[in-house]
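Open the model in your viewer and keep the selection tool at hand. The stops below say what to select and what is there.

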Amino acid sequence: MISTVATKPFADQKPGTSGLRKKVPVFQQPNYAENFIQSIFDSLEDFAGKTLVIGGDGRFYNREVIQKAIKMAAANGFGRILVGKGGILSTPAASHVIRKYKAFGGIILSASHNPGGPTEDFGIKYNIGNGGPAPERITDAIFQRSRVIESYRIVDAADVDLDAIGTTVVDGMTVEVIDPVADYAALMEELFDFGAIRNLFGLGFRMVFDAMSAVTGPYAKEIIEGRLGAPAGTVRNFIPLPDFGGHHPDPNLVHAKELYDEMMAGDAAPDFGAASDGDGDRNLVIGKGIFVTPSDSLAILAANAHLAPGYNKGIAGIARSMPTSAAADRVAERLGIGMYETPTGWKFFGNLLDAGKVTICGEESAGTGSSHVREKDGLWAVLLWLNILAVRGESVMDIVTQHWATYGRNYYSRHDYEEVDSDAANGLVATLRARLATLPGTKIGDLVVTEADDFSYLDPVDQSVSNNQGVRILFEGGSRVVFRLSGTGTSGATLRVYIERYEPDASRHDLETQGALADLIDAAESLADIRTRTGRDAPSVIT
């Protein structure tokens, strides 16, 4: 039986770059989750009788919202639901399931790399039929609908047993609880040379993968230990927990410091270290004695992708988010393929991938992926690294230093100022924007500004335009500083400052990163007056 429940709009349901993210108590307000889910359905057309994929990263409140979404999907006319066992589906696995089973779309419940727990973060996002995040025209429609919604529809039915694989019926709609790992693992086996990687482990290669008590655990356990033969214990923290074990599931050098320290332990260190985040779409890659920045990792994976069976015919092109370093640009130039610079947000890669213009994409925020799905994919990046290591027979250190010698090194760092007062953060960016026209020619220390703009993107496929995507200050010699407010947090604002310096001289490729960027860091402070405006003496996180 379908019930129509009266409701009132909430004013704060505008999706960010990857869906709606708020603290759990916000989502627990009566009708809050239901309003947003109904707003999604009201913004879509022609889905009657079609398939919807639902899953999440297992964080607190995941199961409760899945039950709501199932019953609301039935009330709104969907014909079939595919949901991961236990409510689990990593974001890239959900993308693959949508694509493989030709679903109409999917609802992914996650706040990605943000903390989980009763007072921490939760999120809902909608992915379209290509498996990728909804484009802005849909997220804008969802927000507009959420501002005027008066009712939502839901069926009166018992909860679905999410822990039993099989099929049930909810008010005439079929609900299939599926193995969340099987389809994804099979796809990875098609893309990569599992035999070569098994041989690598057979030769004594040592690896550590930290799943951070998050969703990638079951996937990494099955693939790395189960199918690739790595020793038991290679995959750590592999059981997804609602609060991620009380840790912050963000694979960076702050929240994965234990792994970093282990990889820097001299000859005793494992050969390869990796981690993934809350919903499985980000990655951390560390070799013995060397951290590989996400920007460098993107460039190296693109330059070596042909060593994996799934990419042995070469790649069509590369796309990167604007704040990501230009390291990949030099790879694209040498390969003679297209290079596309987009705004931050994986949804901007979707059109390029669908049009066949690019094969590999990446963001500096530890997201890398390819045309196999329409999301970034943390475990995919780790497996491609393993494939490259197996074929080349060299260490991560050797591969990285050879890459720099060939293409030059982009010294690169991101300084995050988290949970800054929103008005202060917006004022900082607004002041910078107002000065852009007067900055070219300005000298800051020994640096000279050559260009300054607010990045705007013209999509080459659908001709859509995205403005105000980040303030860029470019200096003589190829260095730059970028200022951008992030849309992935749940409280306050996060100011991200990206600092980059290109160094073609191989004799200067062993400098300490923050030291190599010191003059640019000082320039960023001078330009934006960060300390005074934010009240912060230092960044919250440096990566």
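Are Lys376 and Glu363 buried or exposed? Select both: Lys376 is buried, and Glu363 is buried as well. This is a predicted model, and the tour begins with this pair. Their side chains meet in a salt bridge, with 3.5 Å from N to O. The pair links distant parts of the chain, 13 residues apart. Lys376 sits in the loop between strand E18 (367-370) and helix H13 (378-392), while Glu363 belongs to strand E17 (residues 360-363).

In the whole structure, a search finds 34 salt bridges.

**Across two strands**

Now select Arg80 and Glu176. They form a salt bridge in which the closest N and O atoms are 3.1 Å apart. Arg80 is in strand E4 (residues 80-88) and Glu176 is in strand E9 (residues 173-178), so this pair ties together parts that are 96 residues apart in sequence. Arg80 counts as partly exposed because its relative accessibility is 22%. Glu176, at 21% relative accessibility, also counts as partly exposed.

Move to helix H8 (residues 216-227), which holds both Lys221 and Glu225. The two are 4 residues apart, about one turn of the helix. They too form a salt bridge, and here the closest N and O atoms are 2.7 Å apart. Lys221 is partly exposed, with a relative accessible area of 26%. Glu225 has a relative accessible area of 12% and is therefore buried, since buried means under 20%.

**A buried serine**

Select Ser276, in strand E12 (residues 272-276). Its relative accessibility is 0%, so Ser276 counts as buried. What does Ser276 touch, leaving out residues up to four places away in sequence? Show Phe209, Asp210, Ala211, Met212, Thr216, Pro251, Asp281, Arg282 and Gly378 to see these neighbors. For Arg282, look at the backbone oxygen: it lies 2.7 Å from a polar atom of the Ser276 side chain.

**A nonpolar patch**

Switch to a surface view and select Phe238, Ile239 and Leu241. Together they make a nonpolar surface patch of about 240 Å². Leu241 is placed in the loop between strand E11 (235-236) and helix H9 (257-263). With a relative accessible area of 31%, Leu241 is partly exposed.

**The whole chain**

Finally, clear the selection and zoom out. The protein has 18 helices and 27 strands. Along the principal axes, its C-alpha atoms fill a box of roughly 70 × 60 × 40 Å. How does the radius of gyration fit a compact globule? For 543 residues such a globule would have a value near 24 Å, and the protein has 23 Å, which agrees.

Of the 543 residues, 57% count as buried. The protein exposes about 19,900 Å², and carbon and sulfur atoms supply 49% of that area. Among contacts with a separation of 6 or more, 72% come from residues 24 or more positions apart.

How values were computed:
Residues are numbered from 1 along each chain as its sequence is written. This is a predicted model: local features need pLDDT of at least 70, side-chain atom pairs count only at pLDDT 80 or more; totals for chains, interfaces and linings use all residues. Side-chain values use heavy atoms; hydrogens and water are left out. Patches are made of residues with over 30% relative accessible area and no salt bridge: like charges are joined within 9 Å, nonpolar side chains (Val, Leu, Ile, Met, Phe, Trp, Tyr) within 5 Å. Accessible areas come from the Shrake-Rupley method with a 1.4 Å probe; for residues, only the protein chains shown count as cover. A salt bridge is a side-chain nitrogen of Lys or Arg within 4 Å of a carboxyl oxygen of Asp or Glu. Buried means under 20% relative accessible area, exposed over 50%, partly exposed in between (1.4 Å probe, protein chains only). The radius of gyration is taken over C-alpha atoms; the globule rule is 2.2 Å times the number of residues to the power 0.38. Contact means heavy atoms within 4.5 Å. A polar contact is a pair of N or O atoms within 3.5 Å; within protein, one must be able to donate a hydrogen and the other to accept it, and residues adjacent in sequence count only if both atoms are side-chain atoms.
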